[in-house]
Amino acid sequence: MNATVTDAAYTTIIGLEVHTQLLTKSKLFCGCANRFGEEPNTLTCPVCIGMPGVMPVMNREAFRLAVRTGLALQGKIASFCKWDRKNYYYPDLPKGYQISQFDLPFCEGGHLEVEVEEGQAPSKVRLHRIHLEEDAGKSMHDESMGGRDSLVDLNRTGVPLLEIVTEPDIRSPEEAKAFLTELKLLLVYLGVSDCNMQEGSLRVDANVNLHLPGESGETIATPIVEIKNMNSFRAVERALHHEVVRQWEEWQATGKKKGEVPKQTRGWNDEAGETFAQREKEESSDYRYFPEPDLVPVTMTAEQIATAEAEVGELPQALRTRLQSEYELSAYDADVLVNQGKALVRYYLEVADACGDAKLVSNWLQQDIMRTLKERNITIEELPVSAPMLTELLKKVQSNELPRARARDVFAQMVETEASLEETMDAMGIKQVDAGALRELCQSLVDANPRIVEDVKGGKQQAVGALIGQAKKKDPNVNPGEVRKICLELIQAMGEDS
Amino acid sequence: MSSWIDLSANELLSQLEAGQVTSQEVVTAFLDRIHQVDPKVHAFLNLFAEEALQKASVVDERRKNGEKVGLLGGLPVAVKDVLCMKIGATTAGSKMLERFHSPYNATVIEKLEQADGIILGKTNMDEFAMGSSTENSAYNGTANPWDLERVPGGSSGGAAACVASQMAPLSLGTDTGGSIRQPAAFCGITGVKPTYGRVSRFGMIAFASSLDQIGPMTNSVEDAALLLEVIAGHDPSDATSLDRPVPNYREALKEPLKSFKLGLPKEIADFNPDPEIQKAVEAALEVYRETGATIEEISLPNLKYAVPTYYVIAPSEASSNLARYDSVHYGYRTDRKAMMAGLEEGDSPLVQMYSQSRAEGFGPEVKRRIMLGTFALSKGYYDAYYLKALKVRRLIRQDFDRAFEQVDAIIGPCTPKPAFKIGEKVSDPISMYLEDLFTVGANLSGNAAMSIPCGFTSENLPIGLQLQVPALEEERLFRIGHLYQQVTDWHQRRPSLG
């Protein structure tokens, strides 16, 4: 067999390690603000910069958010967990150790259901464990190789960080991306993290290798490779694709199995679109973990866990199901709305409940509203048209008081001027056209356009569109559907006369 | 005027309160004494004469105006240089921190200041509190005031010597394996290691976090009760500090124990204490019998493992606690030019900076313990050393718990031998470690313990009697000790320093 990659040739085995910063006001073990983007080394105190004699004090809020995440991911919250020190030297780790959780994490197990392809049954990715730890600072090295000093920013030092480790359950780069997308959505729904990869509040490492069928039916595993510094979910997907092919080719070339070479860490070069060797794990440090003597273990009673459970709220998967069953939306529509985030769904539910036409509201959200949000780069909370305002507008559409196209103009105007529906309609001169006046208008148009009348009579029904255009010019408030209906009636009556 | 320096802290406080003397006069008397004898003893690393007199004048002024004055009412206090203070350098007896100026005050320093204690200066110590003779200080040793050719004990050697030689009526030491009690015994003063968690460690430069405690070193039990009352209590900045009310210890002294049981561990004899020490302890037992106490033999079967257990746990924690002294953010850093010039092909400048700075900044005993601890926590050795030591620690704690079911307090010699000659043990770390034989148990178990003077050897060297009580039973400890000091005068003897 030559070195081409066929589906049957191997199974891809992927496990992910996701680090996500928690959205707390202050850091994990001191009172410093947890904020991104401040001047370097301005969010620091003796505790987080590791001055002699300082001691950590656990931020209860961080632990609360961590537990909420564990529960949302169906993990088992430990009634007793402790802190450990992970010892290593690096300039952005001022204490010379990171406070983390080693053998007794606060959460074990759990899973997340992921839909890889539309219409296919979701796959279940099991979680190995979740633990809480403090983030390190940020080192900035001289990339120009000009030999300048490296700089260290300790604003990030001590920011609460969750490490979510999956089992090696993921079978394709696409599934990895789908998992990350769903995980991010869940974390954002929970309000525990903003998951901004550009700001580093979500970071992903991937472990990947291949399982191949051996000659006598056994499974052969290729060496596990850890891929680091991927800056987007797309990058994770691309890096994994590249790595799968690379490992397949390396297997073909060397025949080396897992255990025969040290575990390798590879970086991802997004521009070149390839992974590159960083270091062999064998030379990596022995972290000399031991229990952190400056902190007491954390205990969680059943009541405390129940309280945390109540704070979880409705999660994306449950919402999708509810939108389909209670609101009769398609799976696609439900997915689009839920993926827009909790605030948009809340907005949707409010309008849909008030209007009673779930599909109409869904269409409005997916078209005019989502486009407006995107164009203006604003969130649903910042949209000048609030849920009650949209409800008012759509009720006019439902009662045929406002033609749909006209309603869209009104919506656009409301966004623009931030005015109420009534003010906007007044300003646009929109009012209900009297039925008698409309009939008169249509009669005058039919009378004035004998050629169009002939065309319609000759079977070209669409010719009536020109009359609608003229009617709208004379009175923008007319309902095009009504005009069409009346004009056709009048023309038909003429035919009967002749 | 019989000198103010001859009075105990409580006596001085009465004189201050009665207006017989001002805080400025008291401070001046002790500063004069320091100038007179410290050149021989070398107990102080740093003096804050100006600040002390300034603060004393403020206290005097307040007292004169009838305003409220703190519990220490203008009494001078000396502070071991392991406690962080905003004024002066805080060196922990190390070259590593020669020019380290703490940006914050330790909690106990804040408490001293709130209680209107006048901090005279910082006292000498073994580097990072590692040692039993104060010879490991990077800033010369301290002499024993009873025999200037002998060590004062350690690591709180300066703190003990300054009280013994009447340079301060009160001082603060720290005790990780006996570092308050052993120097107190060697210098003939009263030294208390409070219950683990009774006094906040925030701002104490950590040696072994699960063992370290700050405690009073004074002329009498009564004075120790006064000082502990000031420094004890829960601190939100120290998660391991106990949230329990602080009793009025001095009031407790007024109600003597009626009948109580003292336990003498039979294992002490296995370690062959000096015969003169044995004799002094037996005499002390007789004193107690006469006051109505009963003496029982008890057993601490795992006592023989206390020193080996301690010398695994303490260095393990120390190896991590001292990792922060990496020369990156503060502290001693090796000369850059010389270091860069010495780099060989393939050397990392960062690693070289770490190792050279630490090699030059730490003394030999500190390095020895960092290596011991690093080894004990390393992969493949952790279970055999660190984990096993934790298990033995639990057994030792059980020994104490069992003993305290039987007796109210444990009594015995504080040290196996009296103060030794300067230089005698510097090249024999094991015999130095055995200094901790009788004291480490209290640190491993967390209970409270105290050394009080109980006699002198034929060479006129002080002998210390150790009393140990269960956790948070400091009131009982003080009552038992005070009872002894009411019927003996060993604690009132002073060395003649001319």
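Start by colouring chain A by burial: of its 498 residues, 37% count as buried (20 or more other C-beta atoms within 10 Å of the residue's own, with C-beta atoms placed from the backbone). Keep in mind that this is a predicted model, where local features need pLDDT of at least 70, side-chain atom pairs count only at pLDDT 80 or more, and totals for chains, interfaces and linings use all residues. Residues are numbered from 1 along each chain as its sequence is written, while chains are lettered from A and ligands numbered from 1 in the order in which they are written.

Now show chain A as a cartoon. You will find 15 helices and 18 strands (DSSP runs, H or I of at least four residues for helices and E of at least two for strands, numbered from the N terminus).

Next, select α12 (residues 435-448) and α14 (residues 464-474) of chain A: their axes come within 10 Å and cross at roughly 130° (lines fitted to C-alpha atoms over the stretch in contact, with angles from 0 to 180 degrees between N-to-C directions). Show side chains here: Leu441(A), Cys442(A) and Leu445(A) of α12(A) meet Leu467(A), Gln470(A), Ala471(A) and Lys474(A) of α14(A).

Finally, bring in chain B. Here 24 residues of chain A are in contact with 35 residues of chain B (C-beta atoms, placed from the backbone, within 7 Å). On the chain A side, the residues divide into 15 nonpolar, four polar and five charged (Ala, Val, Leu, Ile, Met, Phe, Trp, Tyr, Cys and Pro are nonpolar, Asp, Glu, Lys and Arg charged, and the others, Gly among them, polar).

How values were computed: Contact = placed C-beta atoms within 7 Å. Buried ≥ 20, exposed ≤ 12 C-beta atoms within 10 Å, placed from the backbone.
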